[in-house]
Amino acid sequence: MNRKNYGANTNVLQMFIDGFVLILAFLLSALIVRVPYSLPFIKRIIAVFVIFLITYIAAAKEKRLYNVTLFFYFDRHIRLVTSAFIMALVVTSVILLFFLNPYASIRHYYTVFLIVAYLFMLVNVIVSRLVQIVVVRYNAPRAAFVGVHEDFEKFNYFLNKTSMRLDEVGYISFPGRVSKGISNVLGDIEDIERIIREHEIDQVYFFKYKDDSEADILKYVNICLDMGITVRVVMESFSRSKVSSYVSAVGIYPMMTYHTIALNEYEQCVKRLIDILASAVGIIISSPVMLITAIAIKLDSPGPVLFIQKRVGQNGRIFKMFKFRSMCAEAEAQKNLLAAENGLEDEIMFKMKDDPRVTRVGKFIRKTSIDELPQLFNVLIGNMSLVGTRPPTIDEVERYERCQWRRLSIKPGITGLWQVSGRSDIRDFDDVVKLDVKYIDNWSIMYDIRILFKTVLVLFGKNNGAY
């Protein structure tokens, strides 16, 4: 796996906030100046703003203002913002002078914009910090710590000065290391697999001491990686000098990160944005179909219109998945009676050809995949993605082996590589896991787009089956 981590340490939220603030400054400046409604003038001021925005973001990124490990000190941020602002001012002024004639026609607007934008960015230093404290904490990964509590307290002191946040689940005890006065001990390091499963852990932090050998923690790091859990190894500081050979550093602590999932914040934001926009549009467009389907289900057989089932999401989180009911109301109770008819070689998943529990309407909505339309609401909420791994049931996950848990390291999807790879012909659960892991290892935005196109082809092909 060749993961690129160019954006893994980038504070994308801060970039969006800065862009939004500059857009507000652009609009307010236009109101103050009362710009004429002439197309040539509007084109010029838009061109000026776009050049300034791109230059400012690029300059701020170059000065590491968007690094998630940057300490928040007010005076430091003011200096970095001012420096990036001056760079954008100079570049924009030069381009205006030589390429956007006549310059004089927008000079007044440009001056007002610079004043308003700079004042807004100064206020933004404080406001954006408060916004990030709320937003980042809400989306913070669930983390467990392996090491001495007192050492992690010092590490957290530095961590809290950055824009990184963690949902601290608890501590995992390690032989020979004793922490005083803590109650949230999750268990012993030998039980790390069970701890990850039970506590829905996203990341595990190992504190590596000077006298530790690699072998001391390598066994447990590999267990985490087998399960798709991101591992961060915090190195005990040898000095206060910057150690450039490490991926990142928090305060005086160099930190190495090992992972099996994509951590690039740019691509993750784009994926989530696509999910939100596509699911919202999909819900609006398919609402007549969903209404007709709901009526047909109600007329065809007794029971609720929707089948709401608890499924297992990213790293073991439980969520309620929505589907149109395609079976009789007693389908779940009858499942055990039909276990011998399972069409899959492995008993972890259940799939049966010509399942007698499926209703007449159910057969049609399964064949056309209409039964999965309500999952668009799961995507909009954020429990699922358009493309991902198949969302398993709780009883399936209880029988997972360690390496199979890795397929839970990302959000489940409405469609995925398994669904477009002949899902009706796959009979071995290990083959399903291999396809899911292949998707995780090779994920990119373009990969998602290709799978979405293949999904459309499968829907209109002969090999379309429910899952």
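1. Helix H4 gives the largest share of the lining of the largest cavity, namely 6 residues. The model is predicted, and the search returns 1 cavity of 30 Å³ or more. The volume of the largest cavity is about 210 Å³. Its lining comprises 19 residues; Gln14, Leu65, Phe72, His77 and Gln132 are those nearest the centre. Helix H1 (12-33), helix H3 (74-99) and helix H4 (107-138) are the elements that give two or more residues to this lining.

2. Rolling a probe the size of a water molecule over the atoms shows where empty space is left.

3. Turning to charged pairs, the whole structure contains 16 salt bridges. One of them joins Arg317 and Asp202 through their side chains, at 2.3 Å from N to O. This pair links distant parts of the chain, 115 residues apart: Arg317 belongs to the loop between strand E8 (306-312) and strand E9 (318-324), and Asp202 to the loop between helix H6 (192-199) and strand E4 (203-208). Arg317 counts as partly exposed because its relative accessibility is 27%, whereas Asp202 counts as buried at 10%.

4. A further salt bridge connects the side chains of Lys271 and Asp448, with an N to O distance of 2.5 Å. Here too the pair links distant parts of the chain: Lys271 is in helix H8 (residues 265-300) and Asp448 in helix H14 (residues 445-459), 177 residues apart. Lys271 has a relative accessible area of 13% and is therefore buried. Asp448, at 7% relative accessibility, is likewise counted as buried.

5. Which residue forms a salt bridge with Asp436? The partner is Arg407, and the closest N and O atoms of the two are 2.5 Å apart. Because Arg407 lies in the loop between helix H12 (394-397) and strand E11 (413-415) while Asp436 lies in helix H13 (residues 429-441), the pair ties together parts that are 29 residues apart in sequence. Arg407 is buried, its relative accessible area being 0%. Asp436 also counts as buried, at 2% relative accessibility.

6. Most residues other than glycine have a negative phi. Arg64 has a positive value, with phi near 65 degrees. Arg64 is placed in the loop between helix H2 (39-62) and H3. At 45% relative accessibility, Arg64 falls in the partly exposed class.

7. The second case is Asn315, a residue other than glycine whose phi is positive, near 55 degrees. Is Asn315 buried or exposed? Asn315 is buried, because its relative accessible area of 3% is under the 20% cut-off. Asn315 lies in the loop between E8 and E9, and Arg317, the partner of Asp202, is likewise placed in the loop between E8 and E9.

How values were computed. Residues are numbered from 1 along each chain as its sequence is written. This is a predicted model: local features need pLDDT of at least 70, side-chain atom pairs count only at pLDDT 80 or more; totals for chains, interfaces and linings use all residues. Side-chain values use heavy atoms; hydrogens and water are left out. A salt bridge is a side-chain nitrogen of Lys or Arg within 4 Å of a carboxyl oxygen of Asp or Glu. Helices (H or I, at least four residues) and strands (E, at least two) are DSSP runs, numbered from the N terminus. Buried means under 20% relative accessible area, exposed over 50%, partly exposed in between (1.4 Å probe, protein chains only). On a 1 Å grid over the protein atoms alone, a cavity is a set of points where a 1.4 Å probe fits but cannot get out, and a pocket is an open set with protein on both sides within 12 Å along at least five of seven lines; lining residues have an atom within 4 Å of a point. Grid points are joined across faces, edges and corners, and a volume is the space filled by probe spheres set on the points.
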